[in-house]
Amino acid sequence: MVERALSFGTVAETYERFRPGYPAELLELVSAYAGRPIRTALEIGAGTGKATRVFAQGGVAVTATEPDGAMLAELRKQLPASVTAVEAAFEDLPLDTSYELVYSAAALHWTKPEGRWARMAALVQAGGVFASFAVPIQLADPDLKEAARAARAPYLEYDGVPSPDDRPPADRPMDWPGTELQESEWFTDVRQLVVERRLTMSAHEYVGHLSTVSAYVLLEPADRDEVFRRILEVLPETVEINAEVTAHLARRR
């Protein structure tokens, strides 16, 4: 997991080019949950600033933290004045400042589980909000999804990130990290919400997105090229993408 977490810097420019951004509804959703305007926020694992821009453009003073210098360099190319960029892993952040909002977009699963929520609680002001956003980009057509899976299978059977919650889905009250938040002594009013979203992109753009996914980044270059060739063979020129955002929200006690 550590190797995968730190693999994105090698594809930082491609990540910025092909990863879809986040919808403005995220700020609206978080603000509605908070019940008040949000002025300060800490972002964990900011990457190239895809989610950073949503909150910064909404007037939030964001401290964007990212452990990979190459990813942070991409973020700084389009850095709004209200954003402070810090090269640091979540586990290394000082705990002497707290924020009205602490959030992570498609990055929380890369943090270490030991002491995760005690550290998070120290960074969120009392009554403040923690938010996590997940966007598992998938082909919307189930037949195309299966065809792409079969095409990559000889080289890569599974291209996702295993859930940190290894309980069977039937035993979970909600998805991770909601499960851990519900069990945490520091957070309450845990909610799981979904922002529906469909995108249309070319097959080549979809493969460009895949080239930024850690499972593919870690393949041998020749194998990676062959996987992408095989996937392109089974896809039409344009594909529809399920890009819904699953948000988990919780309030600091």
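A charge counts as sitting over a ring when NZ of Lys or CZ of Arg is within 6 Å of the ring centre and within 35 degrees of the ring normal. Keep that in mind for the first close-up.

This is a predicted model, where local features need pLDDT of at least 70, side-chain atom pairs count only at pLDDT 80 or more, and totals for chains, interfaces and linings use all residues. Residues are numbered from 1 along each chain as its sequence is written, and side-chain values use heavy atoms, with hydrogens and water left out.

**View 1. Two arginines lie over aromatic faces.** Arg-251 is over the face of Tyr-33, 4.4 Å from the ring centre.

**View 2. Helix H4 is mostly covered.** H4 spans residues 50-57; helices (H or I, at least four residues) and strands (E, at least two) are DSSP runs, numbered from the N terminus. Seven of its eight residues are buried, where buried means under 20% relative accessible area, exposed over 50% and partly exposed in between (1.4 Å probe, protein chains only). Those seven are Lys-50, Ala-51, Thr-52, Arg-53, Val-54, Phe-55 and Ala-56. Zoom in on Thr-52, and you get a relative accessibility of 2%. Leaving aside neighbours within four places in sequence, Thr-52 is in contact (heavy atoms within 4.5 Å) with Glu-43, Ala-46, Val-62, Ala-64, Leu-75, Val-83 and Tyr-103. Just past the helix, Gly-59 takes a positive phi of about 90°.

**View 3. Phe-55, Tyr-103 and Phe-133 are linked into a cluster by ring pairs.** Rings of Phe, Tyr and Trp (its six-membered ring) pair if their centres lie within 6.5 Å; planes under 30 degrees apart are stacked, over 60 edge-to-face, and the rest tilted. The structure holds seven aromatic pairs. One of them, Tyr-103 with Phe-133, is tilted, at 6.3 Å centre to centre and 50° between the planes. Tyr-103 comes from strand S4 (residues 99-105) and Phe-133 from strand S5 (residues 124-134), so this pair ties together parts 30 residues apart in sequence.

**View 4. The largest nonpolar core has 54 residues.** Such a core is a set of buried Ala, Val, Leu, Ile, Met, Phe, Trp, Tyr and Cys residues joined through side-chain atoms within 4.5 Å. Val-30, Phe-55, Leu-101, Tyr-103, Phe-133, Tyr-216 and Ile-231 have the most contacts inside it. Helix H3 (residues 25-34) gives the most to this core, with six residues. A second, separate core of 20 residues includes Val-102, Trp-117, Leu-181 and Val-190.

**View 5. Three strands make an open antiparallel sheet, in the order S6-S9-S8.** Strands pair here if DSSP finds at least two bridges between them. S6 (138-139) and S8 (198-202) are the edge strands, each pairing on one side only. Two bridges join S6 to S9 (residues 238-242), and Gln-138 has Asn-242 as its bridge partner in S9.

**View 6. Helix H6 is largely enclosed by the rest of the structure.** Six of the eight residues in H6 (residues 116-123) are buried, namely Arg-116, Trp-117, Arg-119, Met-120, Ala-121 and Leu-123. Their cover includes strand S1 (40-44), S4, S5, helix H8 (178-183), strand S7 (187-195) and strand S10 (245-252).
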